[in-house]
There are 4 protein chains.
Amino acid sequence: MHEAPSSGWIDGRAHFLPVRIYYEDTDFSGLVYHANYLRYFERGRSEFLRLAGVHHTQLLAQDTAIALLSMNMQFRAAARIDDALLVRTNYDALHGPRIVVSQSIMRGDTLIAEAAVEACCISLTGRAKRAPKLLVDAVGAYLDPTSSRF
Amino acid sequence: MHEAPSSGWIDGRAHFLPVRIYYEDTDFSGLVYHANYLRYFERGRSEFLRLAGVHHTQLLAQDTAIALLSMNMQFRAAARIDDALLVRTNYDALHGPRIVVSQSIMRGDTLIAEAAVEACCISLTGRAKRAPKLLVDAVGAYLDPTSSRF
Amino acid sequence: MHEAPSSGWIDGRAHFLPVRIYYEDTDFSGLVYHANYLRYFERGRSEFLRLAGVHHTQLLAQDTAIALLSMNMQFRAAARIDDALLVRTNYDALHGPRIVVSQSIMRGDTLIAEAAVEACCISLTGRAKRAPKLLVDAVGAYLDPTSSRF
Amino acid sequence: MHEAPSSGWIDGRAHFLPVRIYYEDTDFSGLVYHANYLRYFERGRSEFLRLAGVHHTQLLAQDTAIALLSMNMQFRAAARIDDALLVRTNYDALHGPRIVVSQSIMRGDTLIAEAAVEACCISLTGRAKRAPKLLVDAVGAYLDPTSSRF
């Protein structure tokens, strides 16, 4: 059976997700349109959670979605049509409603982009709320023990 | 004051919405990525409704969204970065939950794309439901009196 | 090694590609935004070509991209966040510059969407051109022997 | 005649572009999908250039596109379907290939998002190159005279 989309894999504290570059990802410059890297980063964060046992549908059933507070991105090299990229995701810290994530995108040994992300659990009315136990339990084992960002 | 985004204008039964082509709209072939024309068609349908007095937030407050049933598209010519396009939208028929729309996209005198669209009112659980009175009242005056598509 | 994105698999004449639904794919109705199905269909057509031995970069090196002429889509059921979909792609006919493809998207046994697609080889200046030998050789074995659409 | 898409307006050093939120912009949380703010920021940068006399097609004719080096974004409040937003863009500095831009998005008096952007002129092969005279002449009058970021 080959029927499930890949959720990537976890190695130590880091999650890795392969991403292919399609027509939809490029722009007329021939390179990947910069905003699309945020889509790949979000796929990485979502697949990490999936492998750790949390689906967005479960969060939704607890009136919870994840919204971004800030994102600091560096675009290091350009990706192109047909490229096979690898998204690395580390959940570094989780405190109350806030989540700190560090991510990168590689093509082989070439660093394509990096992101430092702060996110937040929200209710579907848009208000910040503590991360549900489901999320804390799933991500807890992967946090950075030396993190002092909060 | 120039602060509102343009909702285009209605001329007879037809609505017209100007659309600019940006980086985000193109792909590495140098042309507009085909799926993006569906975004412009949807903007046209939404702005027609807005000028006719219906906002999606009002429909939402009545547990109504609009989902597509079918779309028959012809791509006639290519659009490129910086192009100024004009989306024409006609609401042709409205019957129970179903909505029939015909649309085209022009660049000056050049036909870029055409679409025959069937849509449907749904509740947010995804079930078909009759078009709310709000929608019927707003669109009624613009329907095609000769339409016999239902 | 798990480092490559999946290109799906070919079974008989048909290619199958698993696709996961992310935040980026949905809209405020809670369902997948309709234009995004065109992105999955395009991924399916591209991965079929990749497995058959043709990369877009190779076509590009021969001044060839693939543009759509028409697309007839039926939206049969709604997909949602976290869904695992399967895109089926059949290349049915190839004649001069024109390519005929039929596609569907399933979630388990549920038909989500279908598309009848006509595409065309173009040069990067946007003109139609015969399909390069590379493409004809790769796709030839998978065409529909009973096709009489041209 | 109402046929041109709005390019917004320039007031002092700042450019303003109205943007409407459509189905395509939202996700299942009911809010605007975060990566889409980068699309509005890019539209703002492009329309500023257009009003200042530079079209991407002209840059392209000089083998120049604009790629991002870094982007530091703060998401301050959520936007929703039907919202009318206003993108403010300031070109602060231009030095060799590099461009520094500061941007914000408002909904009325509410700050939705802010971005500090570093971009770079590239050739279509992806290499950094000095900003063409066309660009320097157009943007020069709007730069921040106190900028010392380089």
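In helix α1 (residues 36–51) of chain C, C:Tyr37 and C:Tyr40 stand three residues apart, so about one helical turn separates them. Helices here are DSSP runs of H or I with at least four residues, strands are runs of E with at least two, and both are numbered from the N terminus. The model is predicted: local features need pLDDT of at least 70 and side-chain atom pairs count only at pLDDT 80 or more, while totals for chains, interfaces and linings use all residues. Residues are numbered from 1 along each chain as its sequence is written, chains are lettered from A and ligands numbered from 1 in the order in which they are written, and side-chain values use heavy atoms, with hydrogens and water left out.

C:Tyr37 and C:Tyr40 are both buried, a term for under 20% relative accessible area, with exposed meaning over 50% and partly exposed in between (1.4 Å probe, protein chains only).

Over all chains, a search of the whole structure finds 24 of them. Rings of Phe, Tyr and Trp (its six-membered ring) pair if their centres lie within 6.5 Å; planes under 30 degrees apart count as stacked, over 60 as edge-to-face and the rest as tilted. With ring centres 4.7 Å apart and planes at 55 degrees, A:Phe28 and B:Tyr23 make a tilted pair. This pair joins two chains, because A:Phe28 lies in the loop between β2 (14–20) and α1 (36–51) of chain A, and B:Tyr23 in the loop between β2 (14–20) and α1 (35–51) of chain B. Both A:Phe28 and B:Tyr23 are buried. The pair of C:Tyr37 and C:Tyr40, by contrast, is edge-to-face, at 5.8 Å centre to centre and 85 degrees between the planes. In chain A, ring pairs link A:Tyr37, A:Tyr40 and A:Phe75 into a cluster.

The backbone also deserves attention. Most residues other than glycine have a negative phi. B:Asp63, which is not a glycine, has a positive phi of about 55 degrees. B:Asp63 is placed in the loop between α2 (56–61) and β3 (65–75) of chain B, and its relative accessibility of 35% makes it partly exposed. C:Asp82 likewise has a positive phi, near 80 degrees. It is found in the loop between β3 (65–75) and β4 (84–95) of chain C, and at 8% relative accessibility C:Asp82 counts as buried.

The arrangement of the chains comes next. Chain D is superposed on chain A by a rotation of 180 degrees with 0.0 Å of shift along its axis (RMSD 0.0 Å), which is the relation of a two-fold axis. The superposition is by least squares on the C-alpha atoms of residues with pLDDT of at least 70 in both copies. D:Asn72 is the residue of chain D that comes closest to the rotation axis, at 2.2 Å (C-alpha).

α1 (36–51) of chain D and α1 of chains A, B and C each supply at least two residues of the lining of the largest cavity. On a 1 Å grid over the protein atoms alone, a cavity is a set of points where a 1.4 Å probe fits but cannot get out, and lining residues have an atom within 4 Å of a point. Of the 24 residues that line the largest cavity, B:Arg39, C:Asn36, C:Arg39, D:Asn36 and D:Arg39 are the closest to its centre. The largest share of this lining, three residues, comes from α1(B).

Note on methods. On a 1 Å grid over the protein atoms alone, a cavity is a set of points where a 1.4 Å probe fits but cannot get out, and a pocket is an open set with protein on both sides within 12 Å along at least five of seven lines; lining residues have an atom within 4 Å of a point.
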